[in-house]
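Open the model in your viewer and keep the selection tool at hand.

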Amino acid sequence: MQTQLAKGTLIAIGGNENTKNSHVVFQHIIKESGKTAPKICLFTVAADVPQQAEFEYQQLFHEMDIQNISAVNFTNHTEADTPENLDKVKNADIIIFTNGSQLKLSSLLGGTHLMARIKSRYINETNFVIAGIGAGATALSNTMIVSCDVSDAMLKGELELTTGLDLINSIFIDTHFTESGRLGCLTQIVTFNPVALGVGLSENVAIIIKNQEIEVIGTGLITIVDGTQIDYTDVADIAHGEHITVEGIKVHFLGAGKHFLIAEKKLKMLKIAKHLTSA
C-alpha cells in the first residue's frame with residue numbers, strides 16, 4: 001500500500017473524453033508535466049482494440065502539436081518487463097492508461113518491474129504525471145471496483161472489488177458515475193472502508209490529484225462520498241444478499257474549478273481577490 005506522500009500528479013478522467021471538450025482536459029495533463037512538448041507513453045493494454053486506441057490518442061495529441069508519443073501494449077504478464085517497455089517508462093514525462101477493462105489492466109501490470117518503475121517515479125519525481133481514462137482511472141487506487149449491479153448496489157456482496165495499481169490509497173474512484181446512477185456502489189465501498197473517500201466521476205470531467213488535494217476540471221460533475229462520520233451500519237452483522245443500513249454518510253457534489261482537501265475531507269475555499277475602487 002502506498003503511504004508516502006507522492007511528489008507526482010495523478011489525473012483521473014471520467015470517460016467520454018474524446019469529444020470537443022477533450023482538448024481542455026488534455027491541455028491540463030500537458031501543463032502538469034511542466035513542459036510544452038512532453039514525452040507521452042500510452043498504455044493501451046486495457047483496450048479491446050489496443051492499436052485503435054493508440055491511433056486515436058496519437059491523433060488527438062498530434063492535433064495539439066505533441067509529437068513524441070510511444071505506446072506500451074502486451075497480452076501476457078510475462079511480457080511486461082522488456083527493456084523496451086522499461087525504457088519507454090523511464091523516458092516518459094506523462095503516462096496515460098487508456099480506457100477498457102480495469103481488471104485486464106491490473107492483472108497484466110500488477111507485480112511487474114514495469115509498474116514498480118512507474119510507481120517509483122510517481123512517488124519521487126515532481127512533474128511526473130500519470131493519467132487514467134475510464135477504467136484506467138478506476139485502476140489508479142489500491143482497491144478498485146470490478147463490477148457493481150446498480151439496481152442492487154446496497155445489497156451486501158453485490159460489489160466486486162480487487163487490487164488496483166496502488167498509486168493512491170486514500171480514495172476509491174468510479175467512472176461514468178452520474179450517467180450510470182452508481183451512488184450506491186460508492187456508498188457500499190465507503191461503508192466497508194470509511195477511512196477512504198469515494199470519488200465518482202461523471203463523463204466529460206476529470207480530477208487532478210496532487211499534494212493531497214483534488215481539483216475538478218472539465219465540464220461534468222464529481223461526487224464525493226465520505227464515511228468518516230458514519231453513526232451506524234449493520235454491514236458486519238447482516239448476511240450476504242441483505243440490504244445494508246447506514247446512517248451518517250456525507251455526500252458532496254463539486255463542479256469545475258472546485259478544490260477538495262483529501263486529508264481534511266472538506267471543500268477548499270479559495271480566496272477571491274477584492275478590488276477596491278475609490279469613489
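Start by looking for sulfur links: counting a disulfide as a pair of cysteine sulfur atoms within 2.5 Å, the chain has one. Such a link is a covalent bond between the sulfur atoms of two cysteines.

A word on the ground rules before you select anything. This is a predicted model, in which local features need pLDDT of at least 70 and side-chain atom pairs count only at pLDDT 80 or more, while totals for chains, interfaces and linings use all residues. Residues are numbered from 1 along each chain as its sequence is written, and side-chain values use heavy atoms, with hydrogens and water left out.

**Stop 1: the cysteine pair.** Select Cys148 and Cys185, which the disulfide joins with an S to S distance of 2.0 Å. Turn the view along the S-S bond: the angle about it is -90°, a left-handed link. Cys148 sits in strand E6 (residues 143–148) and Cys185 in helix H8, so the bond ties together parts that are 37 residues apart in sequence. Helices (H or I, at least four residues) and strands (E, at least two) are DSSP runs, numbered from the N terminus.

Are these two cysteines buried or exposed? Here buried means under 20% relative accessible area, exposed over 50%, and partly exposed in between, with a 1.4 Å probe and protein chains only. Cys148 is buried at 14%, and Cys185 is buried at 0%.

**Stop 2: helix H8.** Now select residues 183–192, where eight of the ten residues are buried, leaving this helix mostly covered.

**Stop 3: the whole chain.** Zoom out and colour by secondary structure to find eight helices and 17 strands. The C-alpha atoms fill a box of roughly 70 × 55 × 35 Å along the principal axes. Of the 279 residues, 50% count as buried. Taking a contact as heavy atoms within 4.5 Å, residues 24 or more positions apart account for 73% of the contacts with a separation of 6 or more.

Finish with a surface view: the chain exposes about 12,900 Å², and carbon and sulfur atoms supply 50% of that area. The areas come from the Shrake-Rupley method with a 1.4 Å probe.
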